[in-house]
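Me: Hi! Could you walk me through this structure while I look at it?

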Amino acid sequence: MPAKVWLLIIGMALNVTGSSFLWPINTIFMHEHLGKSLTVAGLVLLMNSGAGIIGNLTGGLLFDRLGGYRTIMLGVLISFTTSFLLIWFHDFWSYSILLVFMGFGMGIVFPSMYALAGTMWKEGGRKAFNRIYIAQNVGVALGAALGGLAASYSFTLSFISCASLSFFFLMIVWFGFKGIDEKKSGGVQTVFSQKKRIHNKPAFIALLILCGGYLLAWIGYVQWQSTIASYTQDLGVTLKMYSLLWTVNGLFIVLGQPLVNLFLKKWLHSTSSQILVGYVIFIVSFIIVGNAKDLSGFMIAMVVLTIGEMLVWPGVPSIAAELAPQGRAGFYQGIVNSTATGGRMLGPLFGGMVADLFNISILFQTIMGLMVIAFMLTIVYSRNRHSFKKQDTSQPAAL
């Protein structure tokens, strides 16, 4: 593996670790410390995710025009500046505004990191993206664990830690990424960069059906980062204990992958069946969390949730790659990524509103209902998958 890819992996781990100091405590900080409702906290996180979508599309366009080094540098400068300002300014309005700018900066960074990984290690194929994905999960595990520990002493300590790691990432980009031949990279295709008409409609409709369930699954999943985070506090689960849940999540993804691969090889031979089983496991995890009263209950629910995540999250992009006509893989993956970000954007607000208007039990029942709908949409795709043919590669590339 090229040395520059190692730098990308280290940089990604530092970047995600820094951001992970904040995202598990965002809802807790706004709800418990600043006295805002779960709905208001969810609205702020929605704007943060919305800014991330804009940043993602902006980062893709800038990568095409300016190259990876300049684009990543711009995103990191925005992220570092906002995280540094959070140390001094974290009243509600300052926190909300800075969180939006941080989401925009982080959004700029990610597409360029993935694009550089693929172009600098072309012979690595999927390995390059898998290494970046693993680096993300290592960052989530470390950041969640250390972030919860820091916040248990002082929220300001969490802000300082986030800014410090962002600064280290800035130094890696500044000194380590120079000389990257970004102009030779193919750039990043975004949804809005595609201008051709949709000729292969069956495959495109199949993708939309699949992504409909994917969106609902993400709306449910992000409750662990918002409403469930606050719910654990009400039951006496400390921030240290809560952060341990995400540590287990990240470590299980990294260390449990061989076992999951063995299970898939023996029992689940199609990607759609893999996703269906994942949705069922998601439902089971919410049944468990709905009855959890202490750390052990939440820990069991998190382990079950993580197993479902390992089946669903890689499965949907894999099917998108199979459905994509020649020359449109980037466009199809862009739709998948936008769907996931949309779920992360809508989930906190949706969960906060349901919890505020009704109660947390109704929210869990609602999320299970959404998972059932996601399961049914995947069934629709699975039963008709043989009719969703790729366009003949001899024809001009189309959507």
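Reply: Happy to. A word on terms to begin with: helices (H or I, at least four residues) are DSSP runs, numbered from the N terminus. This is a predicted model, where local features need pLDDT of at least 70, side-chain atom pairs count only at pLDDT 80 or more, and totals for chains, interfaces and linings use all residues. Residues are numbered from 1 along each chain as its sequence is written, and side-chain values use heavy atoms, leaving out hydrogens and water.

Me: Which helices each supply at least two residues of the lining of the largest cavity?

Reply: Those are α1 (3–20), α4 (68–88), α5 (92–120) and α7 (155–176). The largest share, four residues, comes from α1. A cavity here is a set of points on a 1 Å grid over the protein atoms alone where a 1.4 Å probe fits but cannot get out, and lining residues have an atom within 4 Å of a point.

Me: And what volume does the largest cavity have?

Reply: About 70 Å³, counted as the space filled by probe spheres set on the points. The structure holds one cavity of 30 Å³ or more.

Me: Which residues line the largest cavity?

Reply: Among them are Leu14, Asn15, Ser83, Met102, Met106 and Cys162. By class, the lining has five nonpolar, six polar and no charged residues, with Met and Cys counted as nonpolar and Gly as polar.

Me: Switching topic: which residues of α9 and α15 meet?

Reply: Thr227, Ile228 and Tyr231 in α9 meet Ile360, Leu363 and Phe364 in α15, with contact meaning heavy atoms within 4.5 Å. That contact has five nonpolar residues, one polar and no charged ones.

Methods
On a 1 Å grid over the protein atoms alone, a cavity is a set of points where a 1.4 Å probe fits but cannot get out, and a pocket is an open set with protein on both sides within 12 Å along at least five of seven lines; lining residues have an atom within 4 Å of a point.
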